[in-house]
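Dear colleague,

I am passing on the structure below, followed by notes on what came out of it. Please read the notes with the coordinates open beside them.

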Amino acid sequence: MTKKNNQDYDLICVGGGIMSATLALLSKLLKPDLKVLILERLDDVAQESSAAWNNAGTGHSALCELNYTPQNKDGSVDIHKAIDICTQFEMSKQFWSYLVTKDFIRKPENFISKVPHHSWIMGEDNVNYLEKRYQTMKQHYMFNSIQFTKDIEQMKQWFPLMMHGRNAEEIMAASRIERGTEVNYGALTKQLYRILETEFNTKVQCHKEVMDVDPDTDLDWTVKVKDLKTDSIDHLEAKHVFIGAGGGSLLLLQKVEIEEKEGYGGFPISGEWLVCKNQDIINQHNAKVYSKAGIGDPPMSVPHLDTRFINGKRELLFGPFAGFSPKFLKEGSNLDLFKSIKFENLHSLWGVFWHNLPLTEYLVKQLAMSFEDRMDALRTFVKDAKDEDWEILVAGQRVQTIKKDEFEGGKLEFGTELVSSKDGKITCLLGASPGASTAVKIMLDVMKKAFPEVLDTSEAKVLLSEMIPFYNAAIDENLFNKQLEKSKTILQLY
Ligand SMILES: Cc1cc2nc3c(=O)[nH]c(=O)nc-3n(C[C@H](O)[C@H](O)[C@H](O)COP(=O)(O)OP(=O)(O)OC[C@H]3O[C@@H](n4cnc5c(N)ncnc54)[C@H](O)[C@@H]3O)c2cc1C
């Protein structure tokens, strides 16, 4: 049965993850009379990448992730990307703090906790790199609280579980930034949707799968929606559509008639964690410890040992181990990858395949890993890890973006990519990194494209500087430290 719905919306968000939640809430806070609808195909929000167990819960602010501080050929360390990521995460913290001060969120401890962030590395070259990185970061006000050590006794204090059975002969070093965070993005996403429902009368419609988005005669978009419980089809009108469907975004973008979609493809990468079952061991670690990806391995393959807080319980998780699955969503179809291959993106896909053979090799090796191989990988971190204390858990599905490249035909991107029509009426988010941590900055970028008139009002400017003081601000040491302290107090990150 097909029906035409007469109600039209200012904004329809496809997908009930953290991105749509953030965009919808920002929009309603800045202009409460906007009519916003969120459509989700599953039976609840935050079930895919935004779910707590599907991601690593790191508040990415470049305190420990070495892929944000590459080493230049001359040996110096470039921290530009780290500054950028750190700024973006602080913007997220500022927005969440604002929600707490307005009493929209009562218990920030339900989604964010302080967990120190460490980088840990073995071997002489790596140790030299980490020391250079420390010296460079120490000079910048965003990172001047960084500590560095080569001393095993100090590391025993920082992460004792990883130091069992080691001796001073092993060449290793570590850095630490105390103010790191662990975030339950699933709990946060649910809180954001609860605010939308209770404060702004904007409820997510679940079991609604968006099948297509077509241009309409009156400059609106028609969103074709299938009710997965009744199989009925509805057509909704919207002035703006945001495709925040996570791994499902690419397949939907390919159906939208805008030229900007051309050449995009996707490469799905699945993930698995080792999760600790032994509470005694879980309690011995209070840290996020990131190491370095192997040479030629993709940045998302960096192994890390993370303290997590999920549903009020302390957890310990190691990984992720990457793998291959043709699905674009955890709850997706085995035909997803096949369906995404089009005549227009064949050239990009071939270019990526041809120029990334080491990635294919890496994924094949990861796929072939047995439980015992994974435990061996864990034992590079925790020497005395026992098989019976750990189990495998499937993580979220990522779709790495493939885009056209003049020289190589196609290029594999590891970051997020905002694709939009020229008039900004359709926006679509592809890719998954740094992800949920930077949702606020990314969604402000969506608003700039979709609703510049909303952002440009004097009321919105005042409200934005209260909600997100770093937005459009010239950030200096004073402002940074003042806001860092403020978020720390409000979010109770002691
Ligand atoms: C293994 C892993 C580790 C990660 N670690 C971190 C981390 O430590 N820190 C961090 O900040 N980020 C991390 N990320 C990234 C982060 O999880 C994502 O960037 C973020 O959750 C994406 O949110 P989203 O709203 O775009 O997508 P999702 O949360 O995936 O939500 C998309 C929603 O759209 C729905 N949907 C799909 N298609 C349709 C359709 N046609 N119609 C209706 N609904 C649809 C889906 O069911 C889903 O609910 C990680 C991701 C993975 C996979």
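Around the ligand there are 35 residues, of which Glu40, Ser50, Thr58, Val210 and Ser437 come nearest, a residue being counted as near if one of its heavy atoms lies within 4 Å of the molecule. This is a predicted model, in which local features need pLDDT of at least 70 and side-chain atom pairs count only at pLDDT 80 or more, whereas totals for chains, interfaces and linings use all residues. Residues are numbered from 1 along each chain as its sequence is written, and side-chain values use heavy atoms, with hydrogens and water left out.

Polar backbone atoms of Ile18 and of Met19 each have an oxygen atom of the ligand at 3.1 Å, while a polar backbone atom of Arg41 is 3.3 Å from a nitrogen atom of the ligand; a polar contact here is a pair of N or O atoms within 3.5 Å. Of the 1000 Å² of accessible area that the ligand has on its own, the protein covers 96% (Shrake-Rupley method, 1.4 Å probe). Two or more residues of the shell come from each of helix H1 (18-30) and strand E9 (208-215), and E9 gives the largest share, three residues; helices (H or I, at least four residues) and strands (E, at least two) are DSSP runs numbered from the N terminus. By class, the shell holds 14 nonpolar, 15 polar and six charged residues, where Ala, Val, Leu, Ile, Met, Phe, Trp, Tyr, Cys and Pro count as nonpolar, Asp, Glu, Lys and Arg as charged, and the others, Gly among them, as polar.

Helix H1 also packs against another helix: its axis and that of H6 (residues 185-200) come within 9 Å and cross at roughly 35°, the axes being lines fitted to C-alpha atoms over the stretch in contact, with angles running from 0 to 180 degrees between N-to-C directions. The crossing is left-handed, that is, the near helix is turned anticlockwise from the far one by less than a right angle. Residues of H1 including Ile18, Leu25 and Leu29 meet residues of H6 including Leu188, Leu192 and Phe200 (contact means heavy atoms within 4.5 Å), and the contact has twelve nonpolar, three polar and one charged residues.

Two backbone features deserve a look. A cis peptide bond, with omega about -5°, joins Gly319 and Pro320, and Pro320 lies in strand E15 (residues 313-323). Ala46, although not a glycine, has a positive phi of about 50°, and Ala46 is placed in the loop between strand E2 (36-39) and helix H2 (80-101).

With best wishes

Notes: Polar contact = N/O pair within 3.5 Å; in protein donor to acceptor, adjacent residues only side chain to side chain.
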